[in-house]
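I opened this notebook to keep track of what I looked up in one protein model, entry by entry. Each entry below names its topic and then says what I found.

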Amino acid sequence: MNLKKYFIRALHRLQKGPGYTYKELLVWYCDNTNTHGPKRIIKEGPKKKFIWFFLTLLFASLVFWQWGILINTYLSYNVTSSLSIGFKTMKFPAVTVCNANPFKYSEVKHLLKELDRLIEAALERILQPTPGNGSDSSSPPLDLGLWHQIPLVLIDEHDKDNPVILDIFESNPAAGGNETAAGNQTAAGGNETACSHQGSGNCTYRNFTSAAQAVTEWYILQSTSILSRVPLQERIRMGYQAEDMILACLYGAEPCNYKNFTQIYHPDHGNCYIFNWGMDEEALNSSNPGAEFGLKLILDISQQDYIPYLSSAAGARLMLHQQKSFPFLKDQGIYAMAGTETSIGVLVDELERMGYPYSDCTMNGSDVPVKNLYSQYNTSYSIQACLRSCFQNHMMEICGCGHYMFPLPEGVNYCNNEDNPGWAYCYSSLRSSIRHRQICIDSCKETCNDTQYKMTISMADWPSEASEDWIFHILSYERDMSTNVTLDRNGIIKLNIYFQEYNYRTISESAATTIVWLLSSLGGQFGFWMGGSVLCLIEFGEIIIDSLWITVINVIGWCKGLKQKRAQARYPDAPPTVSELVEAHTNLGFQHEDAGALPRDEALPPEPGTPPPNYDSLRVQPLDVLGPDSDAESE
């Protein structure tokens, strides 16, 4: 019951309202607030009152302006970077080594035979463009099917005003059609042309200032089509095997061999071998900095078995990266030259980025809308994997097949000239498309945490002339069990990879503005311009609530008054009084007498000497007509 009374009293209080008007509320606030300006407005004279009102309004505007700037700065989510240096035992990086040449020429020569004959004839035509100076006509005819699909065009600019465009396998100069080229090129320049189909004018062009560049790119494109039809296991067999390539291995004081490396197939470099990848075993720690505690390798790249038109660089391609990450050697790898000892000193940088909303980075790629095709290697997410997966997805969607250099999902085949005649045109158009490139850039995200390895590289000739004889004898015997020297300086590489020091740098991001900074800045501006505090804001909130309360009460009263006015407009006469209701009831009784229904008083004859009833008095005294009981009381 007490609770019910409390709620009833509270309801009455709500219906009553604050109990004062807007003016009274404003005067009360100015007189009781802790803010300095409003008090002076109501206590000073007319002139000073105007001045203080102006100053209060001006400083209040400045406060709100500064507050807007501070809130906007906080919502921009800026970060600051800090650099810290630590010292600890670190995990040795994963080391990927590959041969610059993806396949042994002796193994793939039968696949590239026609292509090699075609490129050799093209080189003869480039060097001897005069008709009749080509190769011997008794040789077997060339298969120009590959050539007609992606031709090479020679641009002769001896006459700068009238450049001549020549199809290498045509005796007459080309003027328009598929072989038309635009742009100013040197006399030795070239142009690679790819059309949607043979004889089509829908073509794309790639210009080169040197025929060497054009021939290399054209050969890579054509060999891609040929090798894409070869099964993966066959391609692995045609590459360089670990036992042939890795001649010696030493990690710190512990010996190692090719069995300590994990083999993966890389489209650019064929068979690659990863040391300390951390897939099957725990990652190795480095016990001490310095070359004596690092990884030492001796590699044989067998340069004499290189594909002549596919690999123009000789050496080993290597990369340092994190465990369980895919090595993108084309972007981040370095070359080690044959006949040298290459020493690589490593420094570690750890990057720690803040996530959303401070930056658009991802922890593991789960929030990236691009399907990661490199997940089949069980590797971690990286932006390089995302960009290549995005391009391959566009390639499959637009061209109907996948490019040989990137992984494939199930149910999709690699592009080749037989099954996809227009794939080269589609691929060239897609690669040069800025729109598709921007889509991939916008879709992919950087990783929030990353480890980068900074390398200091130095080289020296190895082995020296004084020691090469016995070193080559020993290495040849260990590999082939032969007393003959089967190795030479053009195929041997020595690598030393080690930590320079155990100091590592951590570059971390932190929020430039926090909620504590925001509140202190807002309070500082309010206190400086208005002399207020949080309590002043509570007082201001109180007056706003009271103003809304008064407004609600006034609206409710206005609605009630409007309802009453509508009721009066519907019934314009005043309601009847009690006497008028009684008179109407009496008139109704006399109407019944006229109809023959006698009153109960006339049912018996009146006594002698009784005066007749006074009907006028009945109208004045309405109680006498209510029944026989009232008649008895009157007698």
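**Entry 1: a helix and its length**

I took helices (H or I, at least four residues) and strands (E, at least two) as DSSP runs, numbered from the N terminus.

Before going on, I noted that this is a predicted model, in which local features need pLDDT of at least 70 and side-chain atom pairs count only at pLDDT 80 or more, while totals for chains, interfaces and linings use all residues. Residues are numbered from 1 along each chain as its sequence is written, and side-chain values use heavy atoms, with hydrogens and water left out.

I then looked for the buried residues of H4, where buried means under 20% relative accessible area, exposed over 50%, and partly exposed in between (1.4 Å probe, protein chains only). They are Thr56, Ala60, Val63, Gln66, Trp67, Leu70 and Tyr74. I kept in mind that an α-helix has 3.6 residues a turn, so residues three or four places apart point the same way. After H4 comes Tyr77, which has a positive phi near 55 degrees.

The UniProt record, an unreviewed entry, puts a "transmembrane region" at residues 50–75; such annotations may be inferred rather than shown by experiment, feature names are shortened, and positions are given in the numbering used here. In the model I found that this stretch is 100% helix and 0% strand, with end C-alpha atoms 38 Å apart.

**Entry 2: the whole protein**

I counted 20 helices and 19 strands in the protein, and of its 635 residues 40% are buried. For contacts (heavy atoms within 4.5 Å), I looked at pairs of residues at least 6 apart in sequence, and 73% of these contacts join residues at least 24 apart. The accessible surface is about 37400 Å², with 56% of it belonging to carbon and sulfur atoms; these areas come from the Shrake-Rupley method with a 1.4 Å probe, and for residues only the protein chains shown count as cover.

The buried residues of H6 include Leu115, Asp116, Arg117 and Leu118.

**Entry 3: strands that pair**

Which strands pair with strand E8 (residues 246–251)? I used the rule that two strands pair if DSSP finds at least two bridges between them. E8 runs antiparallel to strand E12 (residues 295–300), with five bridges joining them, and Tyr251 is opposite Leu295 of E12. E8 also pairs with strand E9 (residues 254–256), again in the antiparallel sense, over three bridges, and there Leu250 faces Pro255. The hairpin of E8 and E9 has two residues between the strands, and in it Gly252 takes a positive phi near 65 degrees.

I then traced an open sheet of five strands, with the order E10-E11-E2-E13-E14 and antiparallel pairing. Its edge strands, each pairing on one side only, are E10 (261–266) and E14 (334–336). Six bridges join E10 to the antiparallel strand E11 (residues 270–275), and Phe261 has Phe275 of E11 as its bridge partner.

Another runs from Trp462 to Pro463, with omega near -10 degrees, and Pro463 belongs to the loop between strand E18 (449–461) and helix H15 (468–480).

I also noted Asn276, which is not a glycine but has a positive phi of about 65 degrees; it is in the loop between E11 and E12, and it counts as buried because its relative accessibility is 8%. Lys324, also not a glycine, has a positive phi of about 60 degrees. Lys324 lies in the loop between strand E13 (316–321) and helix H11 (329–332), and at 42% relative accessibility it counts as partly exposed.
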